[in-house]
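Here's a quick briefing on the side-chain packing and charge pairing in the entry below. Have the viewer open as you read.

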Amino acid sequence: MADPFRVRVTVRGYELDTQGHLNQAVYLQYAEHARWECLRASGIGQDRLIAGGVGPVALEVTVRYLRELRGGDEVDVTCEFHWGEGKTFRIGQEFTRADGTPVASVSGVGGLLDLAERRLVPDPRERFRALATDPAPMSL
């Protein structure tokens, strides 16, 4: 099995809370950034999604915090799509410091919204596969 897609992010000072560590909401932003980068690596940019009449949606997100991140820390954020049957899919994401220390994990359930019908498409994996120029980063 291939290594999961990953992107490195450097924690910026304005993302810190009053205790000097990364604000809890920013973990969700980093996770979102990694998901969009994974889509982009697969050849699926926002313009391609809109032209295809679809858009990804988050239906459930859980964050588990393990260690703090502070200003200047570098963190790798992975993105792994887990496909099943039906209208939804799972996404697993791990946050790891550059030295290998686990920091957080994000798990979620997503779907692909038909922008005209405002309903989930029946088979998101196949729809993503049709849009992708490189299916490997999304495990399609």
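**Salt bridges and core**

Glutamate 126 is partly exposed, with 40% relative accessible area (buried is under 20%, exposed over 50%, partly exposed in between; 1.4 Å probe, protein chains only). Keep in mind that this is a predicted model, where local features need pLDDT of at least 70, side-chain atom pairs count only at pLDDT 80 or more, and totals for chains, interfaces and linings use all residues. Residues are numbered from 1 along each chain as its sequence is written, and side-chain values use heavy atoms, leaving out hydrogens and water.

**Charge pairs**

- The count is eight salt bridges, each a side-chain nitrogen of Lys or Arg within 4 Å of a carboxyl oxygen of Asp or Glu.
- Glutamate 126 pairs with arginine 129 at 3.5 Å, N to O; both sit in helix α3, three residues apart, about one turn of the helix (helices are DSSP runs of H or I, at least four residues; strands are E, at least two; numbered from the N terminus).
- Arginine 8 meets aspartate 76 at 2.8 Å, N to O, linking strands β1 and β3 across 68 residues.
- Aspartate 76 is buried at 12%, while arginine 8 is partly exposed at 44%.
- Arg8, Glu74 and Asp76 form a salt-bridge network.

**Nonpolar core**

- The largest core has 34 residues; the term covers buried Ala, Val, Leu, Ile, Met, Phe, Trp, Tyr and Cys joined through side-chain atoms within 4.5 Å.
- Its largest share, seven residues, comes from α1.
- Met138 is among the residues with the most contacts inside this core.
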